[in-house]
Amino acid sequence: MVPFQQRKDCVLEGSARVTPSVQPHLQPIRNMSVSRTMEDSCELDLVYVTERIIAVSFPSTANEENFRSNLREVAQMLKSKHGGNYLLFNLSERRPDITKLHAKVLEFGWPDLHTPALEKICSICKAMDTWLNADPHNVVVLHNKGNRGRIGVVIAAYMHYSNISASADQALDRFAMKRFYEDKIVPIGQPSQRRYVHYFSGLLSGSIKMNNKPLFLHHVIMHGIPNFESKGGCRPFLRIYQAMQPVYTSGIYNIPGDSQTSVCITIEPGLLLKGDILLKCYHKKFRSPARDVIFRVQFHTCAIHDLGVVFGKEDLDDAFKDDRFPEYGKVEFVFSYGPEKIQGMEHLENGPSVSVDYNTSDPLIRWDSYDNLSGHRDDGMEDGNKQNTNSQSIGSISGGLEDQHTWPDTHWPSQS
């Protein structure tokens, strides 16, 4: 067994160590290079981001037996060090073993490698602030199984949130949060996660104004054709989600290699979009019951003020690090304020080499990877403390993005 304080490759630079009196003995780490990412080099990452904010993260590939064992060790350490003064925020899927081991748990999970709804980011920050201000001994524990980008979104958002009610004694905490985010999250985060942190910061500061106008999506144009087939080209189709519910599925476009420099997917009449939007572009493999993700992008309509929005490769989840997507590639969204066909867009029509298959009843096309988003796991953990705090019980989260005119007043902490 390797004592926690000796696993230096598993402790972030500048983070607090667990004191010797409560050091848990965790599962031994695999013998890998220290220079590799933390997710590849150890089963558990426990970091004191600040003295009162703790990040507990497990890689998605963590062995289930080790994961359960380490969960117990973490629970024992937290109870020994902080007693009943810690509140655990679960950012990944619900698991009975987590709620059995910890007295107070708030469930705020969302899919790995994605960004949470803007409303959820605000609710998390409000709950964190309420708990930390209730007692100077209270600490927040952010739990995540998967990519650490989820923890990064929360840390970065709370850094901006707490900055509005800035006090001198919080300056070092904000510096620590900023360093943690920039050093350990930005290199592994997704573009949409950074976009939502930018939205949140801009709405707090007032640099982003609310857009209350309805937006209708008419065209999605992919400039630069990805090479997902052996001879080049791809067979893309779109799935669009609003508040994580599917609202549109396109036909399957067949684009031979070197036949086009761009392809336009047209939606007529225009599709009304409001709130948190996820657009996922898949490639349907030729003569194979399989699909690959070409790109994914998330945005919120309240922050969209232009009727033409362009996302470069560096702005697209998955695609930003995929060699099959051209470096110069970009995706353009064409909106309007009404569902009627936009006049003067005839130049967007695809060439004769592009064919479209509208057989969207194919199970492969209809299959939704978000159907079981709120599902529960039952891992057969032994009974422990079963108390579970509902995600709305720590401080009321008033208002909402639907009531956009009052959002700054009902959500943000008062200026001081």
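**Figure 1. Strand β4 and strand β7 pair in the parallel sense.** Strands β4 and β7 (residues 139-145) run parallel and are joined by 6 bridges. This is a predicted model. F58 stands opposite K145 of β7. Strand β4 is mostly covered, with 6 of its 6 residues buried. I53, A55 and S57 point one way from β4. I54, V56 and F58 point the other way. Residues of both sets are buried.

**Figure 2. The hairpin of β3 and β4.** Strand β4 also pairs with β3, here in the antiparallel sense, over 4 bridges. The two strands form a hairpin, with 4 residues between them. D45 has S57 of β4 as its bridge partner. S57 is one of the residues that point the same way as I53 and A55.

Figure 3. Helix α6 covers residues 171-185. Its 15 residues should span 21 Å at 1.5 Å a residue. The end C-alpha atoms lie 20 Å apart, which agrees. R174, M177, F180, Y181 and I185 are the buried residues of α6. Seen down the helix axis, these buried residues fall within an arc of 125 degrees, so they line one face of α6. An α-helix has 3.6 residues a turn, so residues three or four places apart point the same way. L172 and F175 are exposed on the other side of α6.

**Figure 4. What covers the buried residues of α6.** The cover includes strands β3 (45-48) and β4 (53-58). It also includes helices α5 (149-164) and α7 (191-205).

**Figure 5. The hairpin of β14 and β15.** Strand β14 (residues 276-284) pairs with β15 in the antiparallel sense, over 9 bridges. L278 has Q298 of β15 as its bridge partner. The hairpin has 6 residues between its strands. In this hairpin, R287 takes a positive phi near 50 degrees. Strand β15 covers residues 291-300. Of its 10 residues, 9 are buried, so β15 is largely enclosed by the rest of the structure.

Figure 6. C281 is in no disulfide. Its nearest cysteine sulfur is that of C234, 6.9 Å away. A pair of sulfur atoms must lie within 2.5 Å to count as a disulfide. C281 is buried, with a relative accessible area of 1%. C264 also counts as buried, at 3% relative accessibility.

**Figure 7. H218 and its polar contacts.** H218 is found in strand β8 (residues 215-223). At 0% relative accessibility, H218 counts as buried. The side chains of H218 and E268 are joined by a polar contact of 3.5 Å. A polar atom of the H218 side chain also lies 3.0 Å from the backbone oxygen of G338.

Key: Residues numbered from 1 in each chain as written. Predicted model: local features only at pLDDT ≥ 70, side-chain atom pairs only at ≥ 80, totals over all residues. Heavy atoms only, no water. Expected span 1.5 Å × (residues − 1). Buried < 20%, exposed > 50% of the residue type's maximum accessible area, 1.4 Å probe, protein only. Arc of directions from axis to C-beta. Contact = heavy atoms within 4.5 Å. Pairing = 2+ DSSP bridges. Polar contact = N/O pair within 3.5 Å; in protein donor to acceptor, adjacent residues only side chain to side chain.
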